[in-house]
Amino acid sequence: MSVRQSLLAILDQGPCYGYQLRAEFDRRTGSTWPLNVGQIYNTLERLERDGLVQKGDVDDQGHVYYEITDAGRSDVREWLASPVERQAGTRDELAIKLAIAATLPGVDVTAVIHNQRRASLAQLQELNRAKYAGADPEGAEELAWTLVVDSMIFAAEAEVRWLDHTEQRLSLHPQRALELELSTERPKRGRPSKARA
């Protein structure tokens, strides 16, 4: 998720100070991705360094307002017009955990999958029961919240389907066929070559 681009897009609506940006980000995403104020001010410093924002007025309480520059506006338009590119490799902790568990001797991978499925289904039920708690159930904030929660619901459903698929796939192999002993081959120094998709 691009905090940088999100903050720039909010600043495109008008000048804001750090805490205000945090509140606006929370309001527009249903508070589903908490940002700390330090992260916001670090991002603002980098945006200023890159010429995408500039410091503006300071109010009576000492809040420094940041304003977007023309270069920042151009950056926001480009971000909104571009698709989100998914990473080629996986950093998904669950996928890595199951891949490692499936190759370790003595690990009951089915139990690992069942434990995760229970947790994933509980999360899915919790998301399905979630209700918008804002003032206007028909307003823009509710819509933004719903979009984010729907994304989380679909991701949880996909995770459960993937767990079912993984369990079925593993059941086709005898356990000993999957176990990998430690290699006696000395690894070469440097980065491994990239696997092709």
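This is a guided tour of a predicted model, stop by stop.

**Before you start**

Residue numbers start from 1 along each chain, in the order its sequence is written. The model is predicted, so local features need pLDDT of at least 70 and side-chain atom pairs count only at pLDDT 80 or more, while totals for chains, interfaces and linings use all residues; side-chain values use heavy atoms, without hydrogens and water.

**Stop 1: colour by confidence**

Colour the chain by pLDDT, the predictor's confidence in each residue, from 0 to 100. The mean for the protein chain is 86, and 90% of its residues reach 70 or more. Go to strand 2: confidence is highest there, at 96. Then go to helix 8 (residues 175–178), where confidence is lowest, at a mean of 62. Helices (H or I, at least four residues) and strands (E, at least two) are DSSP runs, numbered from the N terminus.

**Stop 2: the largest nonpolar core**

Select Leu8, Leu11, Leu21, Ile40, Leu44, Leu47 and Val53. Of the 18 residues in the largest nonpolar core, these touch the most other members. Such a core is a set of buried Ala, Val, Leu, Ile, Met, Phe, Trp, Tyr and Cys residues joined through side-chain atoms within 4.5 Å. Buried means under 20% relative accessible area, exposed means over 50%, and partly exposed lies in between (1.4 Å probe, protein chains only).

Helix 1 (3–11), helix 2 (18–29), helix 3 (37–49) and strand 2 (64–68) each supply at least two of its residues. Helix 1 gives the largest share, 6 residues.

Centre on Leu21. Leaving aside residues up to four places away in sequence, Leu21 touches Leu7, Ile10, Leu11, Cys16, Ile40 and Leu44. Contact here means heavy atoms within 4.5 Å.

A second, separate core has 8 residues, including Leu94, Leu98, Ile113 and Leu163.

**Stop 3: helix 1 against helix 3**

On the helix 1 side, select Val3, Arg4, Leu7, Leu8 and Leu11. Gln39, Ile40, Thr43, Leu44 and Leu47 make the contact from helix 3.

**Stop 4: helix 2**

Helix 2 has 12 residues. From first C-alpha to last it reaches 17 Å, close to the 16 Å expected at 1.5 Å a residue. The expected span is 1.5 Å times one less than the number of residues. Select its buried residues: Gly18, Leu21, Glu24, Phe25, Asp26 and Thr29. Their cover includes helix 1, helix 3 and helix 7. Step just past helix 2 to Gly30, which takes a positive phi of about 70 degrees.

**Stop 5: helix 7**

Select residues 140–171. Helix 7 has 32 residues and reaches 47 Å from its first C-alpha to its last, close to the expected 46 Å. Its buried residues are Glu142, Ala144, Trp145, Val149, Ile153, Ala156, Val160, Leu163 and Thr166. Helix 2, helix 5 (93–103) and helix 6 are among what covers them.

Also in helix 7 is Asp164, partly exposed at 37% relative accessibility. Its C-alpha is 8.4 Å from that of Ile113, 51 residues apart in sequence.

**Stop 6**

Ser120 sits in helix 6 (residues 109–129). Ser120 is buried, at a relative accessible area of 1%. Beyond residues up to four places away in sequence, Ser120 touches Glu159, Val160 and Leu163.

Move to Ala99 in helix 5. Ala99 is partly exposed, at 44% relative accessibility. Draw a distance to Val109: the C-alpha atoms are separated by 9.4 Å, at 10 residues apart along the chain.

**Stop 6: two exposed residues**

Find Glu85 in the loop between helix 4 (70–81) and helix 5. Glu85 is exposed, with 68% relative accessible area.

End at Pro187, in the segment after helix 8. Pro187 is exposed too, at 72%. From Pro187 to Glu141 the C-alpha distance is 53 Å, at 46 residues apart in sequence.
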